[in-house]
Amino acid sequence: MKNQDRIVITGAGIICSLGQHIQNIWEDILQGKAISQPIPEQWSTYSDFKSQFWAPLPKRDYSCYGLGRSDKLRMDEVTMLSIGASYQALETANLSFSPRDDKANRFVIEDYTPHRFGIYFGTGTGGINTTLSAHTTHLLKQKAVESDYNIPFEKRYNPLAVSMLMPNAAAAATGIRFGAEGPNRTTSLACASGTAAIGEAFQAIKRGDIDVALSGGMEFLSDPYGSIFRSYDITGALTRGFNEADACNRPFDQHRNGFLFGEGGAGVLVLERESHAKARNATIWAELCGFEETFDCHNLMSIEPSGQQIKNMIHKSISNCGFTNNDFTYINAHGTGTSINDEVELNIIESIFGQKPLINSTKGFIGHTIGASGAIEAAITALSFRDNLIHPCNNLVNPIRDLNFPLQSITKPIGPAISQSFAFGGHNCCLILNDY
Amino acid sequence: MINTSLNDASSQNLKYRVLSVIADVTGLKQDKLHLDMSLMDDLVADSVDRVTLFMALEDEFGQSIPEDEIGPIKSIEDLVNFIGHRLKRNPDV
(Lines give C-alpha, C1' and ligand atoms only; values in the text may rest on other atoms or scores of the structure.)
Protein backbone atom coordinates (compact mmCIF):
# COMPACT_ATOMS: atom_id res chain seq x y z
CA MET A 1 0.00 0.00 0.00
CA LYS A 2 1.44 3.38 -0.93
CA ASN A 3 -0.46 5.82 1.25
CA GLN A 4 2.18 8.48 0.73
CA ASP A 5 1.18 8.61 -2.92
CA ARG A 6 -0.38 11.78 -4.24
CA ILE A 7 -3.90 11.63 -5.66
CA VAL A 8 -4.28 12.74 -9.25
CA ILE A 9 -7.05 13.56 -11.72
CA THR A 10 -6.59 11.73 -15.01
CA GLY A 11 -9.93 12.24 -16.75
CA ALA A 12 -13.36 13.82 -16.45
CA GLY A 13 -16.77 13.90 -18.07
CA ILE A 14 -19.52 16.52 -18.04
CA ILE A 15 -23.09 16.70 -19.26
CA CYS A 16 -24.82 20.05 -18.71
CA SER A 17 -26.90 22.72 -20.43
CA LEU A 18 -24.01 23.41 -22.82
CA GLY A 19 -23.88 19.85 -24.13
CA GLN A 20 -22.76 16.32 -23.48
CA HIS A 21 -19.06 16.33 -24.35
CA ILE A 22 -16.59 17.82 -21.91
CA GLN A 23 -14.19 19.26 -24.46
CA ASN A 24 -16.95 21.09 -26.35
CA ILE A 25 -18.42 22.39 -23.10
CA TRP A 26 -15.01 23.63 -21.97
CA GLU A 27 -14.40 25.43 -25.27
CA ASP A 28 -17.86 27.04 -25.13
CA ILE A 29 -17.28 28.33 -21.59
CA LEU A 30 -13.87 29.71 -22.53
CA GLN A 31 -15.57 31.61 -25.36
CA GLY A 32 -18.18 32.98 -22.97
CA LYS A 33 -21.14 30.98 -24.26
CA ALA A 34 -23.92 30.79 -21.67
CA ILE A 35 -27.30 29.03 -21.65
CA SER A 36 -30.46 30.73 -20.43
CA GLN A 37 -33.92 30.17 -21.90
CA PRO A 38 -37.56 30.92 -21.05
CA ILE A 39 -39.22 28.24 -18.92
CA PRO A 40 -41.66 25.94 -20.80
CA GLU A 41 -44.93 27.68 -21.62
CA GLN A 42 -47.02 24.72 -20.44
CA TRP A 43 -45.80 25.17 -16.86
CA SER A 44 -47.93 28.34 -16.60
CA THR A 45 -50.99 26.02 -16.59
CA TYR A 46 -50.07 25.00 -13.06
CA SER A 47 -48.60 28.11 -11.42
CA ASP A 48 -47.33 31.64 -11.85
CA PHE A 49 -43.59 31.72 -11.45
CA LYS A 50 -41.44 34.58 -10.18
CA SER A 51 -38.50 33.38 -12.23
CA GLN A 52 -39.04 33.11 -15.98
CA PHE A 53 -35.76 31.55 -17.11
CA TRP A 54 -33.82 28.33 -16.67
CA ALA A 55 -30.88 26.45 -18.17
CA PRO A 56 -32.34 23.31 -19.78
CA LEU A 57 -30.31 20.34 -20.89
CA PRO A 58 -30.04 19.96 -24.67
CA LYS A 59 -31.52 16.87 -26.31
CA ARG A 60 -29.32 13.97 -25.25
CA ASP A 61 -27.97 11.09 -27.30
CA TYR A 62 -27.12 8.35 -24.83
CA SER A 63 -26.36 5.74 -27.46
CA CYS A 64 -22.79 7.06 -27.70
CA TYR A 65 -22.31 5.88 -24.10
CA GLY A 66 -23.65 2.42 -24.87
CA LEU A 67 -27.08 3.10 -23.40
CA GLY A 68 -29.96 1.54 -25.32
CA ARG A 69 -33.69 1.04 -25.22
CA SER A 70 -33.77 -1.18 -22.16
CA ASP A 71 -31.51 1.19 -20.20
CA LYS A 72 -33.97 4.02 -20.83
CA LEU A 73 -36.74 1.84 -19.41
CA ARG A 74 -34.72 0.83 -16.36
CA MET A 75 -32.98 4.06 -15.44
CA ASP A 76 -34.01 7.46 -14.21
CA GLU A 77 -32.48 10.24 -16.26
CA VAL A 78 -30.09 11.02 -13.39
CA THR A 79 -28.59 7.54 -13.76
CA MET A 80 -28.15 7.92 -17.51
CA LEU A 81 -26.45 11.29 -16.95
CA SER A 82 -24.12 9.55 -14.48
CA ILE A 83 -23.21 6.75 -16.84
CA GLY A 84 -22.72 9.23 -19.70
CA ALA A 85 -20.37 11.42 -17.68
CA SER A 86 -18.56 8.34 -16.33
CA TYR A 87 -18.11 6.92 -19.83
CA GLN A 88 -16.59 10.24 -20.95
CA ALA A 89 -14.36 10.35 -17.87
CA LEU A 90 -12.98 6.88 -18.58
CA GLU A 91 -12.46 7.72 -22.24
CA THR A 92 -10.62 10.96 -21.48
CA ALA A 93 -8.46 9.02 -19.02
CA ASN A 94 -7.45 6.84 -21.99
CA LEU A 95 -8.77 3.70 -20.40
CA SER A 96 -9.86 0.87 -22.60
CA PHE A 97 -12.89 -1.09 -21.56
CA SER A 98 -14.20 -4.25 -23.10
CA PRO A 99 -17.54 -6.09 -22.77
CA ARG A 100 -17.64 -8.36 -19.71
CA ASP A 101 -19.54 -11.13 -21.54
CA ASP A 102 -21.37 -11.70 -24.79
CA LYS A 103 -23.88 -9.06 -23.76
CA ALA A 104 -22.67 -5.66 -24.88
CA ASN A 105 -23.82 -3.58 -21.92
CA ARG A 106 -21.36 -4.32 -19.11
CA PHE A 107 -17.67 -3.59 -19.22
CA VAL A 108 -14.35 -4.49 -17.68
CA ILE A 109 -11.75 -1.73 -17.33
CA GLU A 110 -8.57 -3.44 -18.39
CA ASP A 111 -6.12 -1.43 -16.23
CA TYR A 112 -8.13 -1.69 -13.02
CA THR A 113 -8.37 -4.34 -10.33
CA PRO A 114 -12.14 -4.52 -9.83
CA HIS A 115 -12.19 -4.57 -6.01
CA ARG A 116 -9.74 -1.60 -5.87
CA PHE A 117 -12.03 0.49 -8.09
CA GLY A 118 -14.73 2.49 -6.26
CA ILE A 119 -17.68 4.70 -7.10
CA TYR A 120 -18.33 7.84 -5.04
CA PHE A 121 -21.30 9.88 -6.23
CA GLY A 122 -23.32 12.74 -4.82
CA THR A 123 -26.84 13.84 -5.63
CA GLY A 124 -29.30 16.20 -4.00
CA THR A 125 -32.48 14.41 -5.00
CA GLY A 126 -31.61 11.15 -6.78
CA GLY A 127 -34.39 9.82 -8.98
CA ILE A 128 -36.95 12.48 -8.12
CA ASN A 129 -38.20 12.49 -11.70
CA THR A 130 -39.26 8.85 -11.34
CA THR A 131 -40.76 9.51 -7.91
CA LEU A 132 -42.95 12.28 -9.25
CA SER A 133 -43.85 10.41 -12.41
CA ALA A 134 -44.93 7.25 -10.54
CA HIS A 135 -46.84 9.33 -8.01
CA THR A 136 -48.64 11.25 -10.75
CA THR A 137 -49.63 8.06 -12.57
CA HIS A 138 -50.81 6.51 -9.30
CA LEU A 139 -53.02 9.51 -8.56
CA LEU A 140 -54.29 10.46 -11.98
CA LYS A 141 -54.63 7.36 -14.11
CA GLN A 142 -58.17 6.37 -13.19
CA LYS A 143 -59.47 9.90 -12.57
CA ALA A 144 -57.91 11.28 -15.73
CA VAL A 145 -59.59 8.60 -17.81
CA GLU A 146 -62.91 9.26 -16.14
CA SER A 147 -62.78 13.03 -16.18
CA ASP A 148 -60.88 13.74 -19.35
CA TYR A 149 -58.35 15.92 -17.52
CA ASN A 150 -55.91 17.47 -19.92
CA ILE A 151 -52.84 16.59 -17.87
CA PRO A 152 -49.96 14.76 -19.55
CA PHE A 153 -48.67 11.80 -17.57
CA GLU A 154 -47.19 8.34 -18.03
CA LYS A 155 -50.07 5.92 -18.55
CA ARG A 156 -48.14 2.91 -17.26
CA TYR A 157 -47.25 2.79 -13.59
CA ASN A 158 -43.55 2.07 -13.71
CA PRO A 159 -42.92 -1.43 -12.33
CA LEU A 160 -39.24 -0.56 -11.86
CA ALA A 161 -39.92 2.66 -9.93
CA VAL A 162 -38.06 1.63 -6.76
CA SER A 163 -34.81 0.76 -8.50
CA MET A 164 -34.99 4.03 -10.43
CA LEU A 165 -35.94 6.51 -7.73
CA MET A 166 -33.58 5.37 -4.95
CA PRO A 167 -30.78 7.94 -4.52
CA ASN A 168 -28.05 5.28 -4.76
CA ALA A 169 -29.30 3.99 -8.13
CA ALA A 170 -26.89 6.15 -10.15
CA ALA A 171 -23.82 4.93 -8.26
CA ALA A 172 -24.97 1.32 -8.23
CA ALA A 173 -25.85 1.23 -11.93
CA THR A 174 -22.54 2.88 -12.83
CA GLY A 175 -20.61 0.39 -10.70
CA ILE A 176 -22.40 -2.51 -12.38
CA ARG A 177 -21.84 -1.09 -15.85
CA PHE A 178 -18.09 -0.56 -15.42
CA GLY A 179 -17.29 -3.50 -13.17
CA ALA A 180 -16.32 -1.44 -10.11
CA GLU A 181 -16.43 -3.91 -7.24
CA GLY A 182 -14.93 -1.58 -4.62
CA PRO A 183 -16.92 0.69 -2.29
CA ASN A 184 -20.02 2.12 -3.90
CA ARG A 185 -21.23 5.19 -2.02
CA THR A 186 -23.83 7.91 -2.46
CA THR A 187 -23.67 11.19 -0.57
CA SER A 188 -26.42 13.76 -0.35
CA LEU A 189 -25.44 17.27 0.71
CA ALA A 190 -27.66 19.33 -1.62
CA CYS A 191 -25.51 21.76 -3.65
CA ALA A 192 -22.29 20.39 -2.14
CA SER A 193 -23.07 16.74 -2.96
CA GLY A 194 -20.64 16.41 -5.87
CA THR A 195 -17.81 18.14 -4.02
CA ALA A 196 -18.36 15.97 -0.96
CA ALA A 197 -18.38 12.80 -3.06
CA ILE A 198 -15.05 13.70 -4.66
CA GLY A 199 -13.70 14.41 -1.19
CA GLU A 200 -14.81 11.00 0.04
CA ALA A 201 -13.16 9.28 -2.92
CA PHE A 202 -9.99 11.28 -2.23
CA GLN A 203 -10.01 10.13 1.40
CA ALA A 204 -10.64 6.50 0.41
CA ILE A 205 -7.63 6.47 -1.92
CA LYS A 206 -5.55 8.28 0.69
CA ARG A 207 -6.48 5.66 3.31
CA GLY A 208 -5.43 2.91 0.94
CA ASP A 209 -8.93 1.45 0.53
CA ILE A 210 -8.85 1.72 -3.28
CA ASP A 211 -6.54 2.79 -6.11
CA VAL A 212 -9.04 4.37 -8.46
CA ALA A 213 -12.44 6.02 -8.25
CA LEU A 214 -15.10 7.43 -10.48
CA SER A 215 -16.35 10.31 -8.34
CA GLY A 216 -18.71 13.16 -8.96
CA GLY A 217 -22.20 14.55 -8.75
CA MET A 218 -25.40 14.32 -10.74
CA GLU A 219 -28.89 15.80 -10.75
CA PHE A 220 -32.01 15.79 -12.91
CA LEU A 221 -34.64 18.31 -11.84
CA SER A 222 -37.25 18.21 -14.55
CA ASP A 223 -40.92 17.31 -14.60
CA PRO A 224 -43.66 18.12 -17.13
CA TYR A 225 -45.46 20.53 -14.78
CA GLY A 226 -42.63 22.68 -13.39
CA SER A 227 -43.23 21.30 -9.91
CA ILE A 228 -39.55 20.95 -9.00
CA PHE A 229 -38.77 24.38 -10.45
CA ARG A 230 -41.61 25.79 -8.33
CA SER A 231 -40.10 24.41 -5.13
CA TYR A 232 -36.99 26.52 -5.74
CA ASP A 233 -38.86 29.47 -7.23
CA ILE A 234 -41.09 29.81 -4.19
CA THR A 235 -38.06 30.27 -1.93
CA GLY A 236 -37.10 33.43 -3.82
CA ALA A 237 -33.67 31.99 -4.58
CA LEU A 238 -34.02 32.11 -8.37
CA THR A 239 -33.16 34.99 -10.67
CA ARG A 240 -36.21 37.15 -11.45
CA GLY A 241 -37.36 40.43 -12.95
CA PHE A 242 -35.18 40.30 -16.04
CA ASN A 243 -36.72 40.72 -19.48
CA GLU A 244 -33.75 39.27 -21.33
CA ALA A 245 -32.75 35.66 -20.78
CA ASP A 246 -29.11 36.45 -21.45
CA ALA A 247 -28.94 39.04 -18.65
CA CYS A 248 -30.39 37.12 -15.72
CA ASN A 249 -27.41 34.94 -14.74
CA ARG A 250 -24.80 37.32 -13.33
CA PRO A 251 -22.86 36.08 -10.29
CA PHE A 252 -20.92 38.76 -8.35
CA ASP A 253 -22.61 41.60 -10.23
CA GLN A 254 -24.46 44.38 -8.42
CA HIS A 255 -27.65 43.61 -10.36
CA ARG A 256 -27.74 39.89 -9.56
CA ASN A 257 -30.77 38.71 -7.61
CA GLY A 258 -30.78 34.90 -7.68
CA PHE A 259 -29.44 31.79 -9.36
CA LEU A 260 -30.41 30.42 -12.75
CA PHE A 261 -32.09 27.04 -12.23
CA GLY A 262 -30.38 24.27 -14.18
CA GLU A 263 -32.42 21.33 -15.42
CA GLY A 264 -29.62 19.00 -14.43
CA GLY A 265 -26.32 17.50 -15.37
CA ALA A 266 -23.44 15.38 -14.21
CA GLY A 267 -19.75 15.79 -13.58
CA VAL A 268 -17.51 12.78 -12.97
CA LEU A 269 -13.75 12.66 -12.38
CA VAL A 270 -11.31 9.77 -12.59
CA LEU A 271 -9.22 9.95 -9.41
CA GLU A 272 -6.19 7.71 -9.19
CA ARG A 273 -3.34 6.99 -6.88
CA GLU A 274 -0.28 8.62 -8.46
CA SER A 275 1.69 5.36 -8.74
CA HIS A 276 -1.28 3.69 -10.39
CA ALA A 277 -1.65 6.46 -12.95
CA LYS A 278 2.06 6.46 -13.69
CA ALA A 279 2.16 2.69 -14.09
CA ARG A 280 -0.27 2.93 -16.97
CA ASN A 281 1.34 6.08 -18.42
CA ALA A 282 -1.76 8.17 -17.85
CA THR A 283 -1.83 11.87 -18.65
CA ILE A 284 -2.25 13.67 -15.34
CA TRP A 285 -4.45 16.76 -15.52
CA ALA A 286 -3.91 17.99 -11.96
CA GLU A 287 -3.23 16.86 -8.43
CA LEU A 288 -6.06 16.72 -5.92
CA CYS A 289 -4.26 17.83 -2.77
CA GLY A 290 -6.98 18.15 -0.19
CA PHE A 291 -10.59 18.13 0.89
CA GLU A 292 -12.30 19.70 3.88
CA GLU A 293 -15.84 20.23 5.05
CA THR A 294 -17.63 22.16 7.77
CA PHE A 295 -21.23 22.70 8.81
CA ASP A 296 -22.75 26.13 9.49
CA CYS A 297 -25.17 24.87 12.16
CA HIS A 298 -27.23 27.98 11.45
CA ASN A 299 -30.15 27.73 8.98
CA LEU A 300 -31.48 25.16 6.51
CA MET A 301 -31.91 27.63 3.68
CA SER A 302 -29.50 30.49 4.27
CA ILE A 303 -25.74 30.82 4.55
CA GLU A 304 -24.38 31.99 7.91
CA PRO A 305 -23.59 35.67 7.29
CA SER A 306 -20.17 35.85 8.96
CA GLY A 307 -18.95 32.84 6.95
CA GLN A 308 -16.89 31.73 9.94
CA GLN A 309 -17.32 28.02 9.33
CA ILE A 310 -16.33 28.42 5.69
CA LYS A 311 -13.26 30.37 6.76
CA ASN A 312 -12.41 27.58 9.20
CA MET A 313 -12.73 25.04 6.39
CA ILE A 314 -10.48 26.95 4.00
CA HIS A 315 -7.82 27.66 6.64
CA LYS A 316 -7.74 23.99 7.64
CA SER A 317 -7.52 22.74 4.06
CA ILE A 318 -4.69 25.16 3.21
CA SER A 319 -2.77 24.18 6.30
CA ASN A 320 -3.28 20.42 5.78
CA CYS A 321 -1.91 20.71 2.26
CA GLY A 322 1.15 22.63 3.43
CA PHE A 323 0.31 25.78 1.47
CA THR A 324 0.01 29.39 2.58
CA ASN A 325 -2.82 31.78 1.73
CA ASN A 326 -0.54 33.67 -0.61
CA ASP A 327 0.12 30.59 -2.75
CA PHE A 328 -3.40 30.54 -4.17
CA THR A 329 -3.88 31.82 -7.70
CA TYR A 330 -7.38 30.69 -8.66
CA ILE A 331 -10.73 30.13 -6.99
CA ASN A 332 -13.59 28.43 -8.81
CA ALA A 333 -16.24 29.95 -6.58
CA HIS A 334 -19.62 28.59 -5.52
CA GLY A 335 -20.84 31.79 -7.23
CA THR A 336 -24.58 31.24 -7.38
CA GLY A 337 -25.66 34.79 -8.09
CA THR A 338 -27.91 35.11 -5.04
CA SER A 339 -27.52 38.35 -3.12
CA ILE A 340 -26.32 36.94 0.17
CA ASN A 341 -24.24 34.00 -1.07
CA ASP A 342 -22.08 36.10 -3.36
CA GLU A 343 -21.68 38.78 -0.72
CA VAL A 344 -20.58 36.33 1.98
CA GLU A 345 -18.37 34.31 -0.38
CA LEU A 346 -16.46 37.35 -1.61
CA ASN A 347 -16.03 38.66 1.95
CA ILE A 348 -14.46 35.33 2.86
CA ILE A 349 -12.21 35.21 -0.21
CA GLU A 350 -11.02 38.80 0.28
CA SER A 351 -10.34 38.29 3.98
CA ILE A 352 -8.26 35.15 3.39
CA PHE A 353 -6.62 35.70 0.02
CA GLY A 354 -6.78 39.45 -0.60
CA GLN A 355 -7.05 40.57 -4.21
CA LYS A 356 -4.58 38.16 -5.78
CA PRO A 357 -6.42 35.01 -6.94
CA LEU A 358 -8.48 34.90 -10.09
CA ILE A 359 -12.14 34.25 -9.24
CA ASN A 360 -14.87 32.95 -11.53
CA SER A 361 -18.20 31.16 -11.41
CA THR A 362 -18.94 28.26 -13.74
CA LYS A 363 -22.62 28.47 -12.73
CA GLY A 364 -22.68 31.82 -14.51
CA PHE A 365 -22.58 29.92 -17.82
CA ILE A 366 -24.47 26.66 -17.22
CA GLY A 367 -26.89 27.50 -14.39
CA HIS A 368 -26.99 25.85 -10.99
CA THR A 369 -27.19 22.06 -11.24
CA ILE A 370 -27.43 21.50 -7.46
CA GLY A 371 -25.83 18.12 -6.63
CA ALA A 372 -23.90 18.04 -9.90
CA SER A 373 -22.53 21.58 -9.65
CA GLY A 374 -19.52 21.03 -7.39
CA ALA A 375 -18.28 18.08 -9.46
CA ILE A 376 -18.71 19.94 -12.74
CA GLU A 377 -16.77 22.84 -11.23
CA ALA A 378 -14.02 20.51 -10.01
CA ALA A 379 -13.76 19.11 -13.54
CA ILE A 380 -13.56 22.66 -14.96
CA THR A 381 -10.84 23.49 -12.43
CA ALA A 382 -8.91 20.36 -13.47
CA LEU A 383 -9.23 21.46 -17.12
CA SER A 384 -7.83 24.87 -16.14
CA PHE A 385 -4.71 23.12 -14.88
CA ARG A 386 -4.52 20.80 -17.89
CA ASP A 387 -4.72 23.64 -20.41
CA ASN A 388 -3.42 26.63 -18.39
CA LEU A 389 -6.67 28.46 -19.14
CA ILE A 390 -9.09 30.28 -16.82
CA HIS A 391 -12.62 30.94 -18.03
CA PRO A 392 -14.22 34.39 -17.71
CA CYS A 393 -17.12 35.60 -15.58
CA ASN A 394 -20.50 35.97 -17.26
CA ASN A 395 -22.39 39.27 -17.24
CA LEU A 396 -20.05 40.80 -14.70
CA VAL A 397 -20.52 44.50 -15.45
CA ASN A 398 -20.44 46.04 -11.97
CA PRO A 399 -18.62 43.70 -9.56
CA ILE A 400 -19.63 43.99 -5.92
CA ARG A 401 -15.97 43.84 -4.85
CA ASP A 402 -12.75 45.05 -6.38
CA LEU A 403 -11.29 41.57 -6.82
CA ASN A 404 -9.53 39.70 -9.59
CA PHE A 405 -12.40 38.65 -11.86
CA PRO A 406 -11.39 37.62 -15.41
CA LEU A 407 -13.67 39.22 -18.00
CA GLN A 408 -12.07 37.27 -20.85
CA SER A 409 -10.43 33.87 -20.85
CA ILE A 410 -6.91 34.04 -19.52
CA THR A 411 -4.01 31.85 -20.57
CA LYS A 412 -1.81 31.42 -17.55
CA PRO A 413 -0.17 28.60 -15.62
CA ILE A 414 -1.83 28.42 -12.24
CA GLY A 415 -0.70 27.27 -8.83
CA PRO A 416 -2.89 25.98 -6.01
CA ALA A 417 -6.62 26.49 -6.56
CA ILE A 418 -9.83 25.97 -4.61
CA SER A 419 -13.16 24.68 -5.87
CA GLN A 420 -15.78 25.26 -3.20
CA SER A 421 -19.47 24.56 -2.63
CA PHE A 422 -21.97 25.75 -0.02
CA ALA A 423 -25.27 23.92 0.32
CA PHE A 424 -28.81 24.29 1.59
CA GLY A 425 -28.66 22.75 5.05
CA GLY A 426 -25.44 24.57 5.89
CA HIS A 427 -22.88 22.14 4.42
CA ASN A 428 -19.61 23.58 3.18
CA CYS A 429 -17.05 21.58 1.18
CA CYS A 430 -13.87 22.49 -0.64
CA LEU A 431 -11.30 20.75 -2.81
CA ILE A 432 -7.73 21.94 -3.28
CA LEU A 433 -6.12 21.23 -6.62
CA ASN A 434 -2.63 21.95 -7.84
CA ASP A 435 -0.53 21.70 -10.94
CA TYR A 436 1.13 18.32 -11.27
CA MET B 1 -43.52 -22.90 -35.65
CA ILE B 2 -44.87 -19.37 -35.81
CA ASN B 3 -48.64 -19.55 -35.73
CA THR B 4 -50.04 -16.06 -35.69
CA SER B 5 -52.60 -16.31 -38.49
CA LEU B 6 -50.82 -13.38 -40.10
CA ASN B 7 -49.62 -13.53 -43.68
CA ASP B 8 -45.99 -14.48 -44.29
CA ALA B 9 -44.68 -10.94 -44.74
CA SER B 10 -46.43 -9.72 -41.61
CA SER B 11 -45.24 -12.77 -39.74
CA GLN B 12 -41.62 -12.19 -40.77
CA ASN B 13 -41.89 -8.52 -39.88
CA LEU B 14 -43.39 -9.40 -36.50
CA LYS B 15 -40.66 -11.92 -35.80
CA TYR B 16 -37.99 -9.39 -36.76
CA ARG B 17 -39.44 -6.73 -34.48
CA VAL B 18 -39.76 -9.08 -31.51
CA LEU B 19 -36.19 -10.32 -31.97
CA SER B 20 -35.00 -6.74 -32.30
CA VAL B 21 -36.59 -5.82 -28.96
CA ILE B 22 -35.13 -8.93 -27.31
CA ALA B 23 -31.68 -8.06 -28.68
CA ASP B 24 -31.96 -4.50 -27.35
CA VAL B 25 -33.08 -5.60 -23.91
CA THR B 26 -30.67 -8.49 -23.44
CA GLY B 27 -27.64 -6.99 -25.16
CA LEU B 28 -27.35 -10.15 -27.26
CA LYS B 29 -26.83 -9.94 -31.01
CA GLN B 30 -29.95 -10.68 -33.02
CA ASP B 31 -28.27 -13.46 -35.02
CA LYS B 32 -27.65 -15.35 -31.77
CA LEU B 33 -31.38 -15.59 -31.07
CA HIS B 34 -33.46 -18.65 -31.98
CA LEU B 35 -37.17 -19.21 -31.70
CA ASP B 36 -36.80 -22.16 -29.36
CA MET B 37 -34.76 -20.23 -26.81
CA SER B 38 -36.26 -20.08 -23.32
CA LEU B 39 -36.96 -16.57 -22.05
CA MET B 40 -35.91 -17.36 -18.51
CA ASP B 41 -33.13 -19.88 -19.08
CA ASP B 42 -31.44 -18.48 -22.17
CA LEU B 43 -32.24 -14.79 -22.34
CA VAL B 44 -33.21 -12.87 -19.25
CA ALA B 45 -31.30 -13.20 -16.03
CA ASP B 46 -33.92 -12.06 -13.55
CA SER B 47 -37.36 -10.58 -13.00
CA VAL B 48 -36.12 -7.07 -13.80
CA ASP B 49 -34.96 -8.22 -17.22
CA ARG B 50 -38.32 -9.88 -17.79
CA VAL B 51 -40.27 -6.77 -16.73
CA THR B 52 -38.04 -4.63 -18.96
CA LEU B 53 -38.62 -6.95 -21.91
CA PHE B 54 -42.40 -6.72 -21.61
CA MET B 55 -42.28 -2.92 -21.15
CA ALA B 56 -40.18 -2.65 -24.30
CA LEU B 57 -42.62 -4.87 -26.18
CA GLU B 58 -45.54 -2.73 -24.99
CA ASP B 59 -43.78 0.35 -26.33
CA GLU B 60 -42.78 -1.32 -29.61
CA PHE B 61 -46.25 -2.62 -30.47
CA GLY B 62 -48.43 -0.05 -28.69
CA GLN B 63 -50.07 -2.83 -26.72
CA SER B 64 -50.83 -3.19 -23.07
CA ILE B 65 -49.57 -6.59 -21.90
CA PRO B 66 -51.28 -7.54 -18.62
CA GLU B 67 -49.06 -9.43 -16.21
CA ASP B 68 -51.59 -12.21 -15.73
CA GLU B 69 -51.43 -13.09 -19.42
CA ILE B 70 -47.70 -13.60 -19.74
CA GLY B 71 -47.33 -16.62 -17.45
CA PRO B 72 -47.60 -19.27 -20.20
CA ILE B 73 -44.95 -17.56 -22.37
CA LYS B 74 -41.84 -19.68 -22.11
CA SER B 75 -39.97 -19.31 -25.40
CA ILE B 76 -39.32 -16.70 -28.05
CA GLU B 77 -41.74 -18.56 -30.30
CA ASP B 78 -44.46 -18.32 -27.61
CA LEU B 79 -43.74 -14.62 -27.38
CA VAL B 80 -44.01 -14.02 -31.13
CA ASN B 81 -47.31 -15.93 -31.20
CA PHE B 82 -48.62 -14.04 -28.19
CA ILE B 83 -47.85 -10.66 -29.75
CA GLY B 84 -49.30 -11.82 -33.07
CA HIS B 85 -52.59 -12.80 -31.46
CA ARG B 86 -52.81 -9.52 -29.58
CA LEU B 87 -52.15 -7.55 -32.73
CA LYS B 88 -54.91 -9.42 -34.49
CA ARG B 89 -57.35 -8.48 -31.74
CA ASN B 90 -55.99 -4.98 -31.28
CA PRO B 91 -53.99 -3.72 -34.28
CA ASP B 92 -50.60 -2.07 -33.86
CA VAL B 93 -50.82 1.60 -32.95
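At 10% relative accessibility, Glu287(A) counts as buried, where buried stands for under 20% relative accessible area, exposed for over 50% and partly exposed for what lies in between, with a 1.4 Å probe and protein chains only. The model is a predicted one, in which local features need pLDDT of at least 70 and side-chain atom pairs count only at pLDDT 80 or more, while totals for chains, interfaces and linings use all residues. Residues are numbered from 1 along each chain as its sequence is written, chains are lettered from A and ligands numbered from 1 in the order in which they are written, and side-chain values use heavy atoms, with hydrogens and water left out.

**Salt bridges within chain A**

Glu287(A) forms a salt bridge with Arg6(A), and the closest N and O atoms are 2.9 Å apart; the term requires a side-chain nitrogen of Lys or Arg within 4 Å of a carboxyl oxygen of Asp or Glu. This pair links distant parts of the chain, since Arg6(A) belongs to the segment before β1 (7-15) of chain A and Glu287(A) to strand β11 of chain A, 281 residues apart.

Asp253(A) and Arg250(A), both of them buried, form a salt bridge whose closest N and O atoms are 3.1 Å apart. Glu272(A) and Arg280(A) meet through their side chains at 2.4 Å, N to O; Glu272(A) counts as buried at 0% relative accessibility, and Arg280(A) is buried with a relative accessible area of 15%. Salt bridges that share partners also join Arg256(A), Asp342(A), Glu343(A), Glu350(A) and Arg401(A) into one network. Over all chains, the count by this rule comes to 25 salt bridges.

| Salt bridge | Closest N to O distance |
|---|---|
| Arg6(A) and Glu287(A) | 2.9 Å |
| Asp253(A) and Arg250(A) | 3.1 Å |
| Arg69(A) and Asp24(B) | 2.9 Å |

Strand β17 (residues 427-434) of chain A is largely enclosed by the rest of the structure, because seven of its eight residues are buried. Helices (H or I, at least four residues) and strands (E, at least two) are DSSP runs, numbered from the N terminus, and two strands pair if DSSP finds at least two bridges between them. Strand β11 (residues 286-295) of chain A runs antiparallel to β17(A) and is joined to it by eight bridges, with Phe291(A) having Leu431(A) as its bridge partner. Strand β16 (residues 417-422) of chain A is also antiparallel to β17(A), through six bridges, and here Ala417(A) stands opposite Leu433(A). β16(A) and β17(A) form a hairpin with four residues between them, and Gly425(A) in the turn has a positive phi of about 110°.

Helix α6 (residues 169-178) of chain A is mostly covered, with eight of its 10 residues buried; among them are Ala169(A), Thr174(A), Arg177(A) and Phe178(A). Just after α6(A), Gly179(A) takes a positive phi of about 65°.

Arg116(A) is placed in the loop between β5 (107-109) and β6 (117-122) of chain A and is buried, with a relative accessible area of 14%. A polar atom of the side chain of Arg116(A) lies 3.1 Å from the backbone oxygen of Gly208(A).

Cys393(A), in the loop between β14 (389-390) and β15 (410-411) of chain A, is likewise buried, at a relative accessible area of 9%. With contact taken as heavy atoms within 4.5 Å, and residues up to four places away in sequence not counted, Cys393(A) touches Ile359(A), Asn360(A), Phe365(A), Phe405(A) and Pro406(A). The C-alpha atoms of Cys393(A) and Phe252(A), 141 residues apart along the chain, are separated by 8.8 Å.

**The contact between chains A and B**

The contact takes 12 residues from chain A and 17 residues from chain B. The two chains bury about 1300 Å² between them, 51% of it on carbon and sulfur atoms, buried area being the accessible area (1.4 Å probe) that two parts lose on being put together, summed over both. Between chain A and chain B the count is five salt bridges, one of which pairs Arg69(A) with Asp24(B).

Conventions:
A polar contact is a pair of N or O atoms within 3.5 Å; within protein, one must be able to donate a hydrogen and the other to accept it, and residues adjacent in sequence count only if both atoms are side-chain atoms.
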